[in-house]
Amino acid sequence: MTGIKAYYQSLNSKVSLQPLIIFRIAFGLLMVASQIRFLLKGWVKELYLAPKFHFTYPGFSWITPLPEVWMYSLVVATILLALCVSLGLFYRISIILFFLSFTYLELIDKSFYLNHYYFVSLISFLLIFLPANGKFSLDTILFPHVRKTNVTKWLIEIIKWQICLTYIFAGIAKINYDWLILAQPLKIWLSARTDTPIVGSFFNEPWVAYLFSWTGMVYDLTIAFFLLKRKTRPYAFVFVIIFHLMTWTLFNIGMFPFIMIFSALIFFDEKDWKKIFFKQTNVEAINERKPIFLFKTKSLQYIMTGYFIIQIILPLRHHLYKGNLRWTEEGYRFAWHVMVVEKTGYCEFIVKDKDSQKNWTVHPSQYLTKVQEKQMSFQPDMIWQFAKYLESDFKEKGIADMSINVKNFVSLNGRKSQPLVDPNIDLTEIESEFQLSEIIVKEEELESVELN
Amino acid sequence: MTVFQKSIIVLITLSLAALIIPSCSDGTVVYSELDYYREGQLKNTFRNEIAPLHALFAGECAKLSNVSITFTNQLNEENLIKLRKQWLETILVWKRCELYNQGPVEQSFIHNSIDKWPVNATTIETAINGEDIIDKSYIASRGSNAKGLAAIEYLIFNQEKNTSEVLNDFSNSRRLDYLSSLSENLVEVSESTNSMWTGYQNEFETQAGGGLEGGQNKLINNLINLLEEIVQTKVGKVLGNSNGGTPMPSLAEGYNSAASLQMIKANLKTIERCYTGEFSQAPFRVGFDEFLIQSESIALNERILNQIQSCYESIDKIQNELGSAVISENQQVVALYDTFGELLILLKVDLANVLGSTITFTDNDGD
């Protein structure tokens, strides 16, 4: 307890701004690379412009894609804004606009939800409140009054806390029967990557899947603590690099490994950096200056307290729902359930005109892109959303009163496929996303479902 | 040297190693048993199925062209029947090739030039009644729904007319020109397809990985695409699934030739052969079944094999041609739809899940 108390008391002390500066530069450059990659891969068209229908988030149905030229302009703008953040040019407005534009892009469609996009939104939100342009920035030349050499410690710690929460909840999400006892989905994924040179020849061995599963869980649960401790920090950082480069090599997870590697730089303080580059162990006395923030310190503390309460509640909210989370996916997003399922699904919708008794069979590919169809096929909220969209589409075609049922089969982590959404329920009668529990075929004891 | 500096050196070395290792897959690396099987499956599929099938198809197209020339020179019922027979031989071989649409073949959209169905009858009749010179280059410039095997079928079969009436239509020499040009064009297109596959052999056979770009992943996607085509279009649309349930006999593929069920059966045959890898008497006949057995998914393998047999049975239970059966034997056609639908689920959901395949063509990141 003494350690925790000492840590708590140290939060209001002044520390060097350097870690935050390095973090800002790295984060900005990574976002530049990430958004250029997004543009070059043609995802603006594929993800935003091609779909006729978007799976919006509850409360955000008003967020829709802009016309083509504006969508491209917006993604280009995120690149320029990220560059400004990295250079520390018009930092405050740049990071605010980056946060808003990036988050807008991510809120357009649930099909494209990725944990690391969510992480980027959170980090850019936190950066809005931090004086990350106080040093090594163009702002310090243009606006000398922003120059700073130090900062209240907790303002750097909040980034670390966010990273810690991400890792720890990702670790907790791995404490489940499939991950630890069946070594799934890693058994499936690794056997699909046996072409990996040298080590790939072992990937079909069950013990390797178990090794990866257990190591992954222990890594996620503990790495943040090792990064926090000065003595273990360098070794922990080496592990961070090895771990994430390995995931980058093996799995199709884009920028995520690099974001986590560079984010870990925030754990290195000025003392560490001087050890690396200047062979000095003694830190110069910090020259304290008056901090400049958007908010007064007290208000900011309240905002951050609220923020972290939400960040703790969100990953735990799935306990409010019945059934196996990985099957029902209720409370799955925004909760750091990273790489814990291999799910495949199939859907076809049966629309019945109650007046004429006519039936239509709708295959989602008639309306959705490949990615949307794939993601919807195993996520009940998206299945319901699509049924509601079909209802409005058929109403436009003159069908006033109809029922819509879904024939849906899903396989989870190598299990035999079975219905996820009850085929006997008329989805048009479900009015809100909060009634979804009613449509899900709950598999209370997922462990008992036969493996394929 | 401080701990930090040592760590940084280790870190850089490991990073470089991690970056270099994936890029040095030059064939000298140690492959796993699974990759050996995957490569074996791809070689087996190419050498014993894709290559001979496409060569056979090119040969059938050449025969079709010859029979078409004979018919053009001697317009009589006997030659028309021979032409129809050869067309049927050719389309049934094509229905076995249809599954394999990837690499340069897919990128060239050449499948559409071979068999795009349904044809646009108005476009064809307008061309015949027009004044442009009809030759193979004219055909090459036409849209895909006015050429290929489906267009030939339209010219030589007609459910509304008897044989002599169909023959009589060819008294218009431009109709004959259109037919012979279609056949000539088909010969060129089939040879191009065969050449594309030959050129693609090395790349196809060495895509041993199980990842997104792996050959096995692409084959699964091909299987699923063809099954979806059968379920949604070849049977589903005929049943009236997209119009409120009114059967649409004329939407059956091969409606005019009354060969719909034979075509579906040929599709199923190629699906079965691709799945099992049972192409020849060669000793190394690896298919997807081997992988399921290796991953201890023996029950799933049996379910898939049984379901394939159920699909054959559901085809055989239909007495009439699909176009008429959808009216007279509607329940059997519904059963055909359901049986193929179940096979689709087994492949798209269960098989893909067990093998970790990606049933999508985008490479958007995960997690």
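Which residue in S5(A) does Tyr346(A) stand opposite? Tyr346(A) faces Phe409(A) in S5(A), and I would like to walk you through the sheet around this pair. Please keep in mind that this is a predicted model, in which local features need pLDDT of at least 70, side-chain atom pairs count only at pLDDT 80 or more, and totals for chains, interfaces and linings use all residues. Residues are numbered from 1 along each chain as its sequence is written, while chains are lettered from A and ligands numbered from 1 in the order in which they are written.

Strand S3 of chain A, residues 343–353, is joined to S5(A) by 11 bridges, and here Phe349(A) stands opposite Val406(A) in S5(A).

What about burial, meaning 20 or more other C-beta atoms, placed from the backbone, within 10 Å of a residue's own, with exposed at 12 or fewer and partly exposed in between? In S5(A), 8 of the 11 residues are buried, so this strand is largely enclosed by the rest of the structure.

Notes:
Pairing = 2+ DSSP bridges. Helix = DSSP H or I, 4+ residues; strand = E, 2+ residues; numbered from the N terminus.
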